[in-house]
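Have the picture open while you read.

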Amino acid sequence: MLDKWDQRFMDLAGFIATWSKDPSTQVGAVIANPHTKRVVSMGFNGFPAGVEDLEHRLEKREIKYEMVVHAEQNALLFAGPAAEGCNLYVTPLPPCARCGVIIIQAGISRVISPMPDKSKEPWKTQSEISEQMFQEAGVQLDYVDIT
């Protein structure tokens, strides 16, 4: 059960996800200071600034996956050093392993995300790698029910 602030930030991440132009998966992330309850940064998945969101790029996974910046990455890039000690809220997917690496390096203290679907790859492997890294690095990971 999320407290009211966690719920607000998860709701905001869900709203921000709608800004993504990805036709298959829209992801949103919010970085918030747990003490002041203020948003430090936000991000959604999409191509880098200045790169055109062309339909053929968005619809061909092998191209899209090479070009897209994940929501967590965007939020962390915009936050810079202000991310240290903050919470990261991400939805509707948990962080992949590559984002987990960046989350740890940025000094995020807590990650709040939906439970991964471990019945499917690549999410089973990706979430297990992220979970192990977060545990070793001392990053608190809280899975929440978003249904």
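**Notes on two helix pairs**

1. Start with helix α4 (residues 71-79) and helix α5 (residues 97-106), which pack at an angle of about 25° with their axes 9 Å apart. Helices here are DSSP runs of H or I with at least four residues, numbered from the N terminus. Axes are lines fitted to C-alpha atoms over the stretch in contact, and angles run from 0 to 180 degrees between N-to-C directions.

2. A word on the source: this is a predicted model, where local features need pLDDT of at least 70 and side-chain atom pairs count only at pLDDT 80 or more, while totals for chains, interfaces and linings use all residues. Residues are numbered from 1 along each chain as its sequence is written, and side-chain values use heavy atoms, with hydrogens and water left out.

3. So α4 and α5 are roughly parallel (angles under 35 degrees). Their crossing is left-handed, meaning the near helix is turned anticlockwise from the far one by less than a right angle.

4. Who touches whom? On α4 look for E72, Q73 and L76; they meet C99, I102, I103 and A106 of α5 (contact is heavy atoms within 4.5 Å).

5. Next, α5 packs with helix α6 (residues 123-137) at about 15°, axes 8 Å apart. That makes α5 and α6 roughly parallel. The crossing of this pair is right-handed.

6. For the α5 and α6 contact, α5 brings A97, R98, G100, V101, I103 and I104, and α6 brings Q126, I129, S130, M133, F134 and A137.

Technical notes
Parallel < 35°, antiparallel > 145°, perpendicular 65-115°, else oblique.
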